Amino acid sequence: MAAVDVVARVAYTVSDYLVDSQPQSPATSPFAPIFSSSQSSRRRPNIVTVPHGGDPAASLLRIPSTGLISFTASSNSQTITRLLLHSAELSALPLVLHIAIHDDLSDVLLLRAAVPYLLISATAQQAHDNALLASKLARTRKNAVVHVFYAGHSDSLSEIPEDSVLSYMFGDSKLTDDVDENSLENGHSNGLAGTSLDDPAASDLFRAYKEAALSTSALVKRPLIPLISRGADDAETVIFILGNDNSNIAVDNVRFVSVSLATPLLPSRILNAIPSSANRIIVLEHIATWSMKWTPLYLDIVSAIQHREERPIVQSGTLGDLIQVTEVDVQKLLEQAASATSPFTRLQLGPPSSSEQSLSQGPHVPKHELSYMKILQHLFKERLDISNSPSLVASQGQIATTTPEFALGRVRGQLDQRAELISAVQELLQSSSSDSELHSLLSKWILAKDDPAKSHTLGDAIVKALDSSSDSPLAKRILALKAHFPALSRWIIGSDAWSYDLGSSGLHHAIASGLNVNILILDNLPYTSRNTGDPNRRKHDVGLYAMNHGDVYVASVAVYSSYAQVLQAIIEADRFNGPSVVLAYLPYQSEDVSALDVLKETKLAVDAGYWPLYRWDPSKEAAGKEPFSLDSDAIKNDLQQFLDRQNHLSQLVRSKPQMAAELVSSLGQTVKEERKRKAQQSYNELLIALDAPPLLVLYASDSGNAEKVAKRLCNRGKSRGLTTTLATLDSTPLESLAQSEDIVALITSTAGQGEPPQNGRQFFKALNAAVARGETPLSNLRYAVFGMGDSHYWPRPEDAQYYNKPGKDLASRLEKLGGQPVVPLGLGDDQDADGYETGYKLWEPLLWKVLGVDAVEILEAEPEPITNEHIKAASNYLRGTILEGLNDNSTGALAPSDTQLTKFHGIYQQDDRDIRDERQAQGIEPAYAFMIRVRMPEMDQIADEHGNGTFKITTRATFQFHGVIKRHLKPAIQDINKVLLDTLAACGDVNRNVICSAIPSKSKLHAQVHKYCADISSHLIPRTTAYHEIWLDKKMIAGDAVKDFEPLYGEFYLPRKFKVAVAVPPTNDVDVFANDLGYIAIMDEKGELAGFNVAIGGGMGVTHANKKTYPRAGDVIGFCTPEQGKFVAEAVMLTQRDNGNRADRKNARLKYTIDRMGLDVFKAEVEKRLGYPLQPARPYTFDRNIDDFGWAVGENGNHHFTMFIENGRIQDEPGKDFKTGLREIAKFHTGQFRLTANQHLIVSEIVPENVERVKNVLAKYKMDNLNFTGLRLSSSACVAFPTCGLAMAESERYLPILIDKVEKMCEENGLRNDSIVMRMTGCPNGCARPYLAEVAFVGKAPGSYVMLLGGGYYGQRLNKIYRETVSEPEILDILQPMIKRYALERHEGERFGDWTIRAGYIAPTTSGKEWYDRMGGEGQFRETVAAS
Ligand SMILES: Cc1cc2nc3c(=O)[nH]c(=O)nc-3n(C[C@H](O)[C@H](O)[C@H](O)COP(=O)(O)O)c2cc1C
Ligand code: SF4
């Protein structure tokens, strides 16, 4: 059995916490397999992993110090160094550090003097015994014990069963009784044994070791001895061995002493091991790369024998691999020792270790931390000087370079040398010997010595002048210091481990040094693990500490929250003349975690105020400015509201002091009256309620169905004379139910995969916890449950458990807790004929019966539920109460009905879904922010000032800004209008922005088509002035306002949204068939624009498992001239306005109207409104729906560059500063930026003289990179999480990760450059037009997608559902063989979508109505059976 396995098993059994340090990927922890296979043990420790390159000391110090902690790692110098830095604190923990080594003790022996105990195990059996001993010792002494063992060793050994180990560790072990204390001494008594030679503290430690060793010996029935001797008692030579003494060689006249306890190694024990006959001692240590002259054990032995009168010669040597050593080798060693001319000659026994670890190997910089390094490199380039850079390791050694003291010392030294240079330059200036040119250069340098660029160039010029002219001693002195001419940006980079002990980590010295040095401290404790640490071992708030010094620049930043703020802080820190501390947040547990997780953790921490973003610049104070800037928007908003309120009251009182009293008294009066009124009202209500039992209705609902049912139940209860109360499950503590006298009706829908909806999760948690405790607190509760779900949402038979799970769970748990069901569980199923109403209609009457009100006659008509149609009609042409809502500071949200109306103004209310749960747990409202969709572009500044700094090109070739908080909404829209764009009708039940093909190469045609689109758009725009009134304070900036009258829409507007697109063959980049109305440009024989084919009835949105909904590709119905185009659009839109289904929004799009009326009838109606028939459609050919990336030249000689912007997200991120790059181009570019419907961007109409310049900027910001696979270039994803309220799964953040994996398959099969259109959306709404892709994934629940196959390459054919639920492993399993087959079997030019049909994977979809037919694969591939 391998030593590493037995050590892992012991550590697992006896520890409370296990910290396992990970090796560099792809290697995995050798301990981990045992940890995972031991999970059935009686004890299960908490396991923490430390990523490779992470700081193990920081992780260990975070653990509460109760119970035993075991740390497991394979020795590497970086880990040892980090432990060493905190050895003082670690020593006081009940901690065993099990360190596996292979063939060198050099690193671990560094710990020898730093910890109380260090044990070495040479064999696997010893490793087992010492692991037990070390654990016992650490637990009883509450001290750190280092246990070093040889990982490679394995032999058959006797292991102690778990039960015995546990009773030994935790029982009252009086095991030592039958063990002979002398068994610890197998040395040779030479009359000097005794503790008088030993240091008392070390003796004390040794006593404890002895006790533990005795009790362990009793358990394992083997002696555990600190120095194991073998060989003759009267030997003349003693060989001490520190290392892998796994041989059993015996040599005459030689005694071998193997060291098992390296610390504390008492002189008395050493002497005991040396017989008085000995005249030569050879100390062999298994250390390959010791950098000092004397090795530690050698020194111990030399100092111990000072106590003897006759002192043998002590020689030192290196121990190699003993397995291969024979008696002859030992004899040779003895000869070598005898013939050595100097006692300091180094001897060697056994061949040197095969894989010596090299100290010159630099420390590993974890992947995530590289993002900050890149920023520094990017900003400072050759000026950057990292004083503890890994690159210095080779010259300065690992231990030195990784300590802050070293770095600070280095900075100090360099600054001193620079000061020397400055004084030498000044001296030379004063001397009359220098020529005038040199004199001028020197004086310029003195003036500009702190200027990053000038100091460099002037320095170079001075060096050149001095090199050629002067050889005076002063000049030589200057030349010797020439490296210090440039003003460098000096940085020390460290981890948050430095914040535990500011003094000993050296941080305090750096802060107090007054030197111009910048310190970057990376904190990687994830927000979600923030409370797992020992409260007594809290990190110090370095920021606060540094700010208290008054003359230190301090910033707290997080690259995944605000990149711009990081840049700002780093630049300010560099400029600040004094110490600067930048605290950078980068939460990650292991190097493998995705950037997405780091992003989520960062967001949680920043939003909750755990990691506030701020900058403190004392130099601003001197300039009379505020030195502190708070950069966290969330906190800023809360603070602002608080200050506003305070400010308002204090101003009022200050301006009219008498008002204070009046205010208070009149307020009191009003309150009294109001109370009286309320009391009267509740008395009346009480009288009514006395007659009827009360009903409490609790609900949990995600998209509103359950909420609607619950509200209706309440209203119906009221009209039956009941006192009803309505609340969400989460707002009702379980304890209040225990005391409730009411009958409680609970209504819950199902979300995710059988999970409760968001606003019921806490309640479910409390319920489960109470059940787990076996309590019955609800014995008074009388309840009825109605669950709502969809039996086809997860159609696979093995997923049947998810159907209506929360409803079923609720009923069973309440019963377990003692509750009495008064009505049997009711279940509503979306698949029933009347949806969930079918089940509900059976359940509700039973409840009325129990309540005794079933016979009550209802006189009043039930109020009609409020729909979007009501909201539109009552809105006074889209005004609603938006204006009032904007002025309400008590919430970050708008009223629910107003959020429907703001959509017409291009504004969606959203909330950050990554942090929804966290905020709910904190009892605060969701982090509301708004998304603004623009009708056309120019917008980076608006994103920075009002939004979250990023913006997104949408699949409708426009911009969206995310994260605009309510207070910023109006200014943002006003800014948008200033650049002559607007957001009106960017969403809502109206015609949306009209999109058209990008066609860079045909300038004239593009101009014509673009004008055509603009005409249609302005023809169909809503005419209400509400937009200008609400957002622009009635100030008209662009366009004309017309009186409130909607000639096209009327007060009800359209039943649903209406989308128009114009495509120019052969490119179908707008996916013309996905639109309600599409135009296909037709050219005549002369190449002039003749007109357009008209296609109608395209649309993407679907509801999962609702077969009344389906995607549809548009049908071509004829041809019109350019002049007729906008009237055709009007006629189609008005036909839809008057015939669309307004009763059911899920069935309201034009596609359903056409299928209901019939295409011919609809067309006839359109032609009737036009007054003329459309001409027959003309031939055309499409060949792609993706963009043509790269450069193109238009007929007018101007150039165009189509950039690849993955999923349209424009932001600055490490290594990809796209936003900055585009801004730089915008400064001189005279043409346009065009957006494509595939979410990419064209820098268009670049005049020839600007081409070079644009190329340079594109290259500088890597925006010209098109070296991606065909798959990635053809991919597209919608936004989804965290902002889209409808998202059910990740999309924009996940598709690139999935593509990383799928493109590998393509590359392996030679398909690197083959375009396959792959799309993903977070929900079936289909914003990224997934139903027209060759392969698509549509989100169902986190990590679960519907998979579709068989779409047409140029958007001409819908795809079809292939699997109703797939997760990533299933996707990869499906695609792997499919892609391979495609590569082998495809015909020349055959597209993937067409091939999947030919290969029999999927049936072709010929029309939207047949979308569900034959879904789930074909023939041998058919697995998913569509429910009938
Ligand atoms: C994302 C999502 C996941 C769902 N998961 C399930 C499920 O696991 N089991 C089930 O029975 N119904 C499931 N459903 C169906 C809903 O529970 C059902 O449509 C219900 O009427 C929605 O009610 P609500 O609007 O109150 O949330 C799911 C619906 C959605 C949108
Ligand atoms: S497809 Fe769904 S998840 Fe994606 S952006 Fe559109 S609505 Fe949101």
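This is a predicted model: local features need pLDDT of at least 70, side-chain atom pairs count only at pLDDT 80 or more; totals for chains, interfaces and linings use all residues.
Reader: Which residues come nearest to ligand 1?
Author: There are 23 residues around ligand 1, and those that come nearest are Ser 701, Ser 703, Ala 706, Thr 750 and Asp 830.

Reader: What lies 2.6 Å from an N or O atom in the side chain of Ser 701?
Author: An oxygen atom of ligand 1 lies at that distance from the Ser 701 side chain. For Ser 703, a polar side-chain atom is likewise placed 2.6 Å from an oxygen atom of ligand 1.

Reader: And which atom of Ala 706 lies 2.7 Å from an oxygen atom of ligand 1, backbone or side-chain?
Author: In Ala 706 it is a backbone N or O atom.

Reader: How much of ligand 1 does the protein bury?
Author: Ligand 1 exposes 640 Å² when taken alone, and the protein buries 90% of that area.

Reader: Which elements each supply at least two residues of the shell?
Author: They are α26, spanning 705-719, and β24, spanning 782-789.

Reader: How many residues of that shell are nonpolar, polar and charged?
Author: The shell around ligand 1 holds eight nonpolar, 11 polar and four charged residues.

Reader: Turning to the cysteines, how many disulfides does a search of the whole structure find?
Author: The search finds zero disulfides.

Reader: Is Cys 1323 buried or exposed?
Author: Cys 1323 counts as buried because its relative accessibility is 11%, and the cut-off for buried is under 20%.

Reader: Why does Cys 1327 count as partly exposed?
Author: Cys 1327 has a relative accessibility of 43%.

Note on methods: Residues are numbered from 1 along each chain as its sequence is written. Chains are lettered from A and ligands numbered from 1 in the order in which they are written. Side-chain values use heavy atoms; hydrogens and water are left out. A disulfide is a pair of cysteine sulfur atoms within 2.5 Å. Buried means under 20% relative accessible area, exposed over 50%, partly exposed in between (1.4 Å probe, protein chains only). A residue is near a molecule or strand if one of its heavy atoms lies within 4 Å of it. A polar contact is a pair of N or O atoms within 3.5 Å; within protein, one must be able to donate a hydrogen and the other to accept it, and residues adjacent in sequence count only if both atoms are side-chain atoms. Accessible areas come from the Shrake-Rupley method with a 1.4 Å probe; for residues, only the protein chains shown count as cover. Helices (H or I, at least four residues) and strands (E, at least two) are DSSP runs, numbered from the N terminus. Ala, Val, Leu, Ile, Met, Phe, Trp, Tyr, Cys and Pro count as nonpolar, Asp, Glu, Lys and Arg as charged, and the others, Gly among them, as polar.
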